Amino acid sequence: VQLQASGGGLVQAGGSLRLSCAISGRAFSSHIMAWFRQAPGKEREFVAALRWGGFRTYYADSVKGRFTISGDKAKSTVYLEINVLKPEDTAVYYCAVGSSYSWSPLMYRYWGQGTQVTVSS
């Protein structure tokens, strides 16, 4: 299984980005597709997740209303749309696949390489 994250970049505060995670190597039916982020010197934290079967979504309280996770089964791709970016959103964003929903990164078996998001004030 390979996860390829992309879409990061340098953005001014208030701007938007859409991250993509292309998944290959295996077909998933009801797994959880998730996004995490890790800022310098901080632990990796849960951002959002999507249940691949029914597309139920989950969000960390800190990003509700600004982040939207979605998926395209035909393209085997998961997206994370980030609006009204803030400097504190600066981090490396990782996509991951797990068999059940959890906020803990330990519960996710497959990981992408990460994409850097930098928000300037």
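**View A. Bridge partner of R18 in strand β8.** In this predicted model, R18 has E81 of β8 as its bridge partner. The antiparallel pairing of β3 (residues 17-24) with β8 (residues 77-82) extends over six bridges; strands are DSSP runs of E with at least two residues, numbered from the N terminus, and two of them pair if DSSP finds at least two bridges between them. Residue numbers start from 1 along each chain as its sequence is written, and side-chain values use heavy atoms, without hydrogens and water. Because the model is predicted, local features need pLDDT of at least 70 and side-chain atom pairs count only at pLDDT 80 or more, whereas totals for chains, interfaces and linings use all residues.

**View B. The open sheet β1-β3-β8-β7.** Four strands with antiparallel pairing make up this open sheet, in the order β1-β3-β8-β7. Its edge strands, β1 (2-6) and β7 (67-72), each pair on one side only.

View C. H31 is located in the loop between β3 and β4 (32-38). H31 counts as buried because its relative accessibility is 17%; buried means under 20% relative accessible area, exposed over 50% and partly exposed in between, with a 1.4 Å probe and protein chains only. Leaving aside residues up to four places away in sequence, H31 touches R26, L50, R51, W52, V97, G98 and S99 (contact: heavy atoms within 4.5 Å).
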